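This report goes through the backbone, the disulfides, a pocket and the aromatic pairs of one model. The sequence and structure come first.

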Amino acid sequence: MDSCRSWGVMALLCLLVPGGHPVPCRVSISPEEPLVEFGTSLLLNCTSSCRNYSRLSWEVSVTKTLSRGPGWVSLNIPNVTDWSLKLQCYGIFGEQRDVATTTLHAYRFLPPQIYLEGDTVAGKEARVTCNASARVVTPGPPNLRLTLWGGGLPPSTHQGPSVALGFTAQLEQHGQEVTCEATLRLGHWTVNASATVTLWVWAAPHDVRVWAPRTVFTAGDNLTVMCRAEGNPPPQLRWELPTNASWELQGGGTTVTIPAARRAHGGTYRCLAENRYGAGAASVDILFQGSSRSPLVPVAVTLAVVTALAVLAVSWRLYRARGWKPMAN
């Protein structure tokens, strides 16, 4: 204890441990390994283990602002434009000077972006790609890992600036989200960023259906035939009808209506659904009572009757001309 008193003023600038040995005053920097994104601001703090300092400050070669308080001084660099920068904090305690040194490391990290290669069409092969980039001052490529998942797809992970996933597009994937997460490891630090897109699955016309409340009619009945089709974008409908006789389209082309239909309206009603990714079709047959009988049948019957009558007439004339008589018993 006497040895520490003999120092005079220096005794005020140190702490005592058991045995009377002085502990020198120290300065320290927090965080110890500063890391900041290039072009952003940095805030560091320097603290002193002793309050009886004559000066506590920073030494740095860039534009800075300082803030002070009891036993501490903070450093603010508003725009970090150096990839690596040496920083010093120092404290003066009487004749003693203590210095803490650290190196600032900057990095640049561009968040991931997701790309869908062309249109995603149901039933077709599709591919989704995620890219990210980073720059650091350490030797070798950045420690960058990308993971792609979602949309009902198995996750895919790749160490590097790009990851891709191929799949066969399904209608159920429409509206689902695909996410890409990028992880950049910088020593003890980890920086994460992610991006998300929504799958938009296009589809050729499918499930085309044509129907009528009934398929057998009588002349004079009201005839209605309807068509529905799925697809993305919604398909356009057009009809192929058995006759050009009067008919009406309703419901945006989904329904054919024929008031007081005639036998000429009987036949095949075909609906064609089309969009830019394909086409589909379906049909229904409409019959009218009696319309299925061949028109040759009544003609043949008529000819047969006429022929029979002609034969009878000729036989009768011959009978009269030759005087045929019945044979005697």
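## Backbone features

Asp 207 is placed in strand E18, which covers residues 201–211. The model is a predicted one. Although Asp 207 is not a glycine, its phi is positive, at about 50°. The residue counts as exposed because the relative accessible area of Asp 207 is 60%, and the cut-off for exposed is over 50%.

A positive phi is also found at Ala 260, again in a residue other than glycine, with a value near 50°. Ala 260 belongs to the loop between E23 and E24. With a relative accessible area of 43%, Ala 260 is partly exposed. Arg 262 is likewise found in the loop between strand E23 (255–258) and E24. Its relative accessibility is 44%, so Arg 262 counts as partly exposed. Between Arg 262 and Asn 222 there are 40 residues in sequence, while their C-alpha atoms are 9.4 Å apart in space.

Most residues other than glycine have a negative phi, and most peptide bonds are trans. One runs from Ser 30 to Pro 31, with omega near -5°. Pro 31 sits in the loop between strand E3 (27–30) and strand E4 (35–37). Another cis peptide bond joins Asn 232 and Pro 233, and here omega is about 5°. Pro 233 is located in the loop between E20 and strand E21 (236–240).

## Disulfides

How many disulfides does a search of the whole structure find? The search finds 4. Counting bonded cysteines along the chain, the pattern of the disulfides is 1-3, 2-4, 5-6, 7-8.

| Disulfide | S to S distance | Torsion about the S-S bond |
|---|---|---|
| Cys 46 and Cys 89 | 1.6 Å | -75° |
| Cys 130 and Cys 180 | 1.9 Å | -80° |
| Cys 227 and Cys 271 | 2.0 Å | about -75° |

The link of Cys 46 and Cys 89 is left-handed. It connects distant parts of the chain, with Cys 46 in strand E5 (residues 42–48) and Cys 89 in strand E9 (residues 84–93), 43 residues apart. Cys 46 and Cys 89 are both buried.

The link of Cys 130 and Cys 180 is left-handed as well. Here Cys 130 lies in strand E12 (residues 125–135) and Cys 180 in strand E16 (residues 177–186), distant parts of the chain 50 residues apart. Cys 130 has a relative accessible area of 0% and is therefore buried. Cys 180 is buried too, with a relative accessible area of 0%.

For Cys 227 and Cys 271, the torsion about the S-S bond is about -75°, so this disulfide is left-handed. Since Cys 227 is in strand E20 (residues 223–232) and Cys 271 in strand E24 (residues 267–275), the pair ties together parts that are 44 residues apart in sequence. Cys 227 counts as buried at 0% relative accessibility. Cys 271 counts as buried at 0% relative accessibility.

## The largest pocket

The volume of the largest pocket is about 230 Å³. Its lining consists of 18 residues, and those nearest the centre are Leu 35, His 105, Thr 138, Leu 186 and Gly 187. By class, 10 of the lining residues are nonpolar, 6 are polar and 2 are charged. At least two lining residues come from each of strand E10 (96–116) and E16. The largest share is that of E10, with 4 residues.

Why does the largest pocket lie between domain 1 (27–106) and domain 2 (108–199)? Both domains give residues to the lining, so the pocket lies between them.

## Aromatic pairs

The structure holds 5 aromatic pairs. In one of them, Phe 217 and Phe 288, the ring centres are 6.1 Å apart and the planes stand at 35°, so the pair is tilted. Phe 217 is in strand E19 (residues 216–217) and Phe 288 in strand E25 (residues 278–288), so the pair ties together parts 71 residues apart in sequence. Both Phe 217 and Phe 288 are buried. Elsewhere, ring pairs link Trp 200, Trp 202 and Tyr 277 into a cluster.

Note on methods:
Residues are numbered from 1 along each chain as its sequence is written. This is a predicted model: local features need pLDDT of at least 70, side-chain atom pairs count only at pLDDT 80 or more; totals for chains, interfaces and linings use all residues. Side-chain values use heavy atoms; hydrogens and water are left out. A disulfide is a pair of cysteine sulfur atoms within 2.5 Å. Buried means under 20% relative accessible area, exposed over 50%, partly exposed in between (1.4 Å probe, protein chains only). On a 1 Å grid over the protein atoms alone, a cavity is a set of points where a 1.4 Å probe fits but cannot get out, and a pocket is an open set with protein on both sides within 12 Å along at least five of seven lines; lining residues have an atom within 4 Å of a point. Grid points are joined across faces, edges and corners, and a volume is the space filled by probe spheres set on the points. Ala, Val, Leu, Ile, Met, Phe, Trp, Tyr, Cys and Pro count as nonpolar, Asp, Glu, Lys and Arg as charged, and the others, Gly among them, as polar. Domain bounds come from an automatic or database domain assignment. Rings of Phe, Tyr and Trp (its six-membered ring) pair if their centres lie within 6.5 Å; planes under 30 degrees apart count as stacked, over 60 as edge-to-face and the rest as tilted.
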